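Student: Let's go through this structure by question and answer. Where do we start?

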Amino acid sequence: PRKVRVIPVVVHIIWKDKRDNISDRQVHSQIQVLNEDYRKKRGTKGYTRHPLATDTMIEFRLAKVDAHWRKTTGITRTRTKVSVFQLEQMKFSELGGKDAWDTTRFLNIWVCRVRGGLLGYAQFPNGSRSLGQEKTNTTDGVVIGTRFFGRGGSAKKPFDLGRTATHEVGHWLGLRHIWGDGGCDKDDGVSDTPLAGRPNRGHPRQRPHSCGSEDMFENYMDYCDDNVQNVFTYEQAQRMNATLTLYRLGLCE
Ligand code: ARG
Ligand code: ZN
Ligand code: CA
């Protein structure tokens with residue numbers, strides 16, 4: 001990737017318990033983490049000397065104007081009667097959530113309590129193809145559980161460094177899990193990530209091996225704790241930039 005691309009972001013905070021109405025500061029900490037990680041910024045946790053680690057050249061900024069070109073902070077706040085959201089429910093105002101802003105122009109991030117204590121989930125870029133225009137336009141974006149959003153503050157260890165959003169945005173930009181969601185016969189479609197037979201979790205003390213090679217457990221698309229993750233590879237960065245070009249071009253400023 002040669003040129004920096006900036007993605008405008010809107011964060012929708014949906015809350016019932018007022019502790020879930022997290023601060024602007026918490027939101028800003030998350031945007032900062034995304035920029036540190038995607039730009040592999042020196043002096044931050046997103047920096048590493050790992051030989052395959054790459055600056056993706058993708059940046060994130062809270063939107064300065066909304067879908068109707070009015071000034072905005074890029075943060076919406078919605079009070080709800082819903083204690084825990086089912087999948088996709090948070091994306092609809094009439095279901096107690098908040099409707100997306102034009103998904104061709106913004107990365108929508110919903111922050112709320114999600115069923116099953118899920119850390120987060122994302123919609124893949126090609127969702128549109130099979131599912132039809134309507135579904136994509138109304139549900140495109142990523143969802144992050146309130147306790148896993150941002151750095152410090154309301155976020156709970158070991159998922160308190162904002163890496164859940166780094167991971168979910170990776171999916172949103174077309175990346176699969178590094179173990180390919182299967183055994184050694186399943187690949188993630190990325191040539192410079194080693195085959196892996198399963199996810200790694202926690203904080204491995206020794207480098208795990210599977211499928212005859214060392215696992216790249218530091219990859220953002222594996223499942224280790226937030227303080228372990230710090231790698232997007234060159235080919236992952238290429239994939240994400242290609243996704244922006246092919247599916248999400250209207251989005252970049
Ligand atoms: N389980 C979630 C997913 O597959 C998120 C994993 C996030 N990992 C982390 N270290 N924060 O999309
Ligand atoms: Zn994932
Ligand atoms: Ca691979």
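Tutor: With residue classes: Ala, Val, Leu, Ile, Met, Phe, Trp, Tyr, Cys and Pro count as nonpolar, Asp, Glu, Lys and Arg as charged, and the others, Gly among them, as polar. Keep in mind that this is a predicted model.

Student: By class, how many residues of the shell around ligand 1 are nonpolar, polar and charged?

Tutor: The shell around ligand 1 holds 13 residues, and L119, F159, R163, T164 and H167 come nearest. Sorted by class, four are charged, four are polar and five are nonpolar.

Student: Which element gives the largest share of the shell around ligand 1?

Tutor: Three elements each supply at least two residues: β5 (120-122), α4 (163-172) and β10 (223-224). The largest share is four residues, and the element is α4.

Student: How are α1 and α4 oriented to each other?

Tutor: Their axes lie 9 Å apart, at an angle of about 60°. The crossing is right-handed. On the α1 side, Q30, V33, L34 and D37 meet A165, T166 and V169 of α4. This contact comprises four nonpolar residues, two polar and one charged. Given the angle, the two helices α1 and α4 are therefore oblique.

Student: Is S29 buried, partly exposed or exposed?

Tutor: S29 sits in helix α1 (residues 24-38). Its contacts beyond four places in sequence are G150, R151, G152, G153 and G162. A residue needs 20 or more C-beta neighbours within 10 Å to be buried. S29 has 19 inside 10 Å, so S29 counts as partly exposed.

Student: What separates the C-alpha atoms of S29 and G150?

Tutor: Along the chain, S29 and G150 are 121 residues apart.

Note on methods: Residues are numbered from 1 along each chain as its sequence is written. Chains are lettered from A and ligands numbered from 1 in the order in which they are written. This is a predicted model: local features need pLDDT of at least 70, side-chain atom pairs count only at pLDDT 80 or more; totals for chains, interfaces and linings use all residues. A residue is near a molecule or strand if its C-beta atom, placed from the backbone, lies within 6 Å of it. A residue is buried if 20 or more other C-beta atoms lie within 10 Å of its own, exposed if 12 or fewer, and partly exposed in between; C-beta atoms are placed from the backbone. Two residues are in contact if their C-beta atoms, placed from the backbone, lie within 7 Å. Axes are lines fitted to C-alpha atoms, for helices over the stretch in contact, and angles run from 0 to 180 degrees between N-to-C directions. Angles under 35 degrees count as roughly parallel, over 145 as roughly antiparallel, 65 to 115 as roughly perpendicular and the rest as oblique. A crossing is left-handed if the near helix is turned anticlockwise from the far one by less than a right angle, and right-handed if clockwise.
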